Amino acid sequence: MIKLTDFITTPNIMRTKIKFNMNASDITKRAWDFLLEDHAGWVELNAWKTKQPNNNLNHADYLIALAQYYPYGPEYFVFGGLYKVEKIMPEVFDAPGYKLTLMDEYQEYIKRLIIKLDRPIGRDVYNRLYSNVQVQLNPEVYEIVPNVKLGHFPGYQNICMTHKELKQIVERNEPSWQEALSYVKGVYVITDMHNGQLYIGSASGNTDGIWQRWSGYAQPNNLTGGNKAFLKVLKEKGPKYITDNFQYSIIEIFDTKTKIETILERENYWKNVFKTKKFGMNHN
């Protein structure tokens, strides 16, 4: 095991904090999404200052910023940079209260270094002294991915992707994802995270399995993937609604030799289970 504190050092460990940015209650604003897209919200999230001192950067000259990596699980975090911290004066609260300057050290590991904690942590104190974190949470270097893609395929049972993630995977032809999803047929669910409605679909064709079906949804010029059920959503709410709110998961997988009729039967079974014809987005 490589301890995180052995891997990342700072000029003054006693004046360094480490921030475990959790998944926000608004799942369209997850920390990992901000970091992955180089969104301005990533720095704002880390510079945010409240009246609760435990979760601020007071008395810190350096910050190690992490984002919870939800495709792996709640105890996994991705490195988002080492920052120099300067307090903004006069003080402000419930707003960005610090100027964060990204340091040169460890930039090559941003979005690549994944750490694992001994256990998931609560939301009470997600901003901790770096000098204490090894004893408290025992973070270890779990993986260094070879590039800034989404990392390796996490397993069929662990897929829970936003539309933005799906688009990035398809655009980059991420090899571990493409290989895994091309070798299986399956039944999947698309969730509208704004209203909770579900759509049950299937990939039952003989070419490239789920990968081919989902690649259709990732095309920016046709976000419906040729699916009539989403035409109404697209016309009434526009493409941004789909890209901001749709989430993709797999319910069942099948060998590519499985008969189409068998997969369609399972698709209809899950439609009945979740009542998606009555309460969801399935029209037939």
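In helix 7 (residues 209-217) of this predicted model, the buried residues are Gly209, Ile210, Trp211, Trp214, Ser215 and Tyr217. These buried residues pack against strand 10 (161-162), helix 5 (163-171), helix 6 (175-182), strand 11 (184-192), strand 12 (198-203) and strand 13 (246-255).

**Aromatic pairs**

- A search of the whole structure finds 15 aromatic pairs, and one of them joins Trp32 and Tyr69 in an edge-to-face arrangement, with 5.2 Å from centre to centre and 90° between the planes.
- This pair links distant parts of the chain, since Trp32 lies in helix 2 (residues 31-36) while Tyr69 lies in the loop between strand 3 (62-68) and strand 4 (76-87), 37 residues apart.
- Trp32 counts as buried because its relative accessibility is 1%, and Tyr69, at 3% relative accessibility, counts as buried too.

**Salt bridges**

- The whole structure contains eight salt bridges according to the search, and in one of them Asp61 meets Arg15, with the closest N and O atoms 2.7 Å apart.
- Asp61 lies in the loop between strand 2 (48-49) and strand 3, and Arg15 in the loop between helix 1 (4-7) and strand 1 (16-21), so this pair ties together parts that are 46 residues apart in sequence.
- Asp61 counts as partly exposed at 22% relative accessibility, and Arg15 is likewise partly exposed, at 33% relative accessibility.
- The side chains of Asp38 and Lys111 form another salt bridge, at 3.0 Å from N to O.
- Because Asp38 lies in the loop between helix 2 and helix 3, and Lys111 in the loop between strand 6 (98-102) and strand 7 (113-116), the pair ties together parts that are 73 residues apart in sequence.

**Arg266 and helix 10**

- The side chain of Arg266 meets that of Glu252 in a salt bridge of 2.9 Å, N to O.
- Arg266 lies in helix 10 and Glu252 in strand 13, so the pair ties together parts that are 14 residues apart in sequence.
- Arg266 counts as partly exposed, its relative accessibility being 26%.
- The charged end of Arg266 also sits over the ring of Tyr269, 4.4 Å from its centre.
- Tyr269 in turn forms a nonpolar patch on the surface with Val273 and Phe274, and the three residues together have about 260 Å² of accessible area.
- Phe274 is found in helix 10 (residues 260-274), and at 39% relative accessibility Phe274 counts as partly exposed.

- Salt bridges that share partners join Lys164, Lys240 and Asp244 into one network.
- The charged end of Lys84 sits over the ring of Tyr62, at a distance of 5.4 Å from its centre.

**Gly41 in helix 3**

- Gly41 belongs to helix 3 (residues 40-47), and counts as buried because its relative accessibility is 11%.
- The C-alpha atom of Gly41 is separated by 9.8 Å from that of Arg30, a residue eleven positions away along the chain.

Terms used:
Residues are numbered from 1 along each chain as its sequence is written. This is a predicted model: local features need pLDDT of at least 70, side-chain atom pairs count only at pLDDT 80 or more; totals for chains, interfaces and linings use all residues. Side-chain values use heavy atoms; hydrogens and water are left out. Patches are made of residues with over 30% relative accessible area and no salt bridge: like charges are joined within 9 Å, nonpolar side chains (Val, Leu, Ile, Met, Phe, Trp, Tyr) within 5 Å. Accessible areas come from the Shrake-Rupley method with a 1.4 Å probe; for residues, only the protein chains shown count as cover. A salt bridge is a side-chain nitrogen of Lys or Arg within 4 Å of a carboxyl oxygen of Asp or Glu. Helices (H or I, at least four residues) and strands (E, at least two) are DSSP runs, numbered from the N terminus. Buried means under 20% relative accessible area, exposed over 50%, partly exposed in between (1.4 Å probe, protein chains only). Rings of Phe, Tyr and Trp (its six-membered ring) pair if their centres lie within 6.5 Å; planes under 30 degrees apart count as stacked, over 60 as edge-to-face and the rest as tilted. A charge sits over a ring if NZ of Lys or CZ of Arg is within 6 Å of the ring centre and within 35 degrees of the ring normal. Contact means heavy atoms within 4.5 Å.
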